[in-house]
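Visitor: I would like to go through the terms used for this model and see what stands behind each of them.
Guide: Then let us look at it together.

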Amino acid sequence: MATSSRTPKLLADIGERAVLTYVEAFLGLLLASGTTNVVTLSALESAAIAAIPAGLAVLKGAVGSILGRPGTASWLPAKTDSASPTIR
């Protein structure tokens, strides 16, 4: 689990992932609804449905903080995470 000094960065990481997932899902639903007959949703319905993958992104980030590189929401271990600093 993350130490207290890493918590603000971890929360920012999870927050960024959740917000961007929400925006992507919302825009995707609006585009699908506006350009096809497969999905017919109002903007309010799209906004509510987009919260589901955003919530899942929060859960994924919480699990990643335990399984992956410490202090991040990444599921990759530090040795294979491309964002990890290189030790020479």
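**Terms and their cut-offs**

Guide: Proline 77 is found in the segment that follows helix H2 (43–67). This is a predicted model, in which local features need pLDDT of at least 70 and side-chain atom pairs count only at pLDDT 80 or more, while totals for chains, interfaces and linings use all residues. Residues are numbered from 1 along each chain as its sequence is written, and side-chain values use heavy atoms, with hydrogens and water left out.

Visitor: Why does proline 77 count as partly exposed?

Guide: Buried means under 20% relative accessible area and exposed means over 50%, with partly exposed in between (1.4 Å probe, protein chains only). Proline 77 has 36% relative accessibility, so it counts as partly exposed. In space, its C-alpha is 7.4 Å from that of leucine 67, ten residues away in sequence.

Visitor: What makes the pair aspartate 13 and arginine 17 a salt bridge?

Guide: The term requires a side-chain nitrogen of Lys or Arg within 4 Å of a carboxyl oxygen of Asp or Glu. The side chains of aspartate 13 and arginine 17 meet at 2.7 Å, N to O, and a search of the whole structure finds one salt bridge.

Visitor: How are the two partners placed in helix H1?

Guide: Aspartate 13 and arginine 17 are four residues apart in helix H1, so about one helical turn separates them. A helix here is a DSSP run of H or I with at least four residues, and a strand is a run of E with at least two, numbered from the N terminus. The protein chain has two helices and zero strands.

Visitor: Is aspartate 13 buried or exposed?

Guide: Aspartate 13 has 15% relative accessibility and therefore counts as buried. Arginine 17, with a relative accessible area of 30%, is partly exposed.

Visitor: Why is serine 33 called buried?

Guide: Serine 33 is called buried because its relative accessible area is 18%. Its place is in helix H1. Not counting residues up to four places away in sequence, serine 33 touches Val39, Thr40 and Leu41, where contact means heavy atoms within 4.5 Å.

Visitor: How much of the chain falls in the buried class?

Guide: Of the 88 residues of the protein chain, 26% count as buried.

Visitor: What share of the contacts with a separation of 6 or more joins residues 24 or more positions apart?

Guide: Such residues account for 46% of those contacts in the protein chain.
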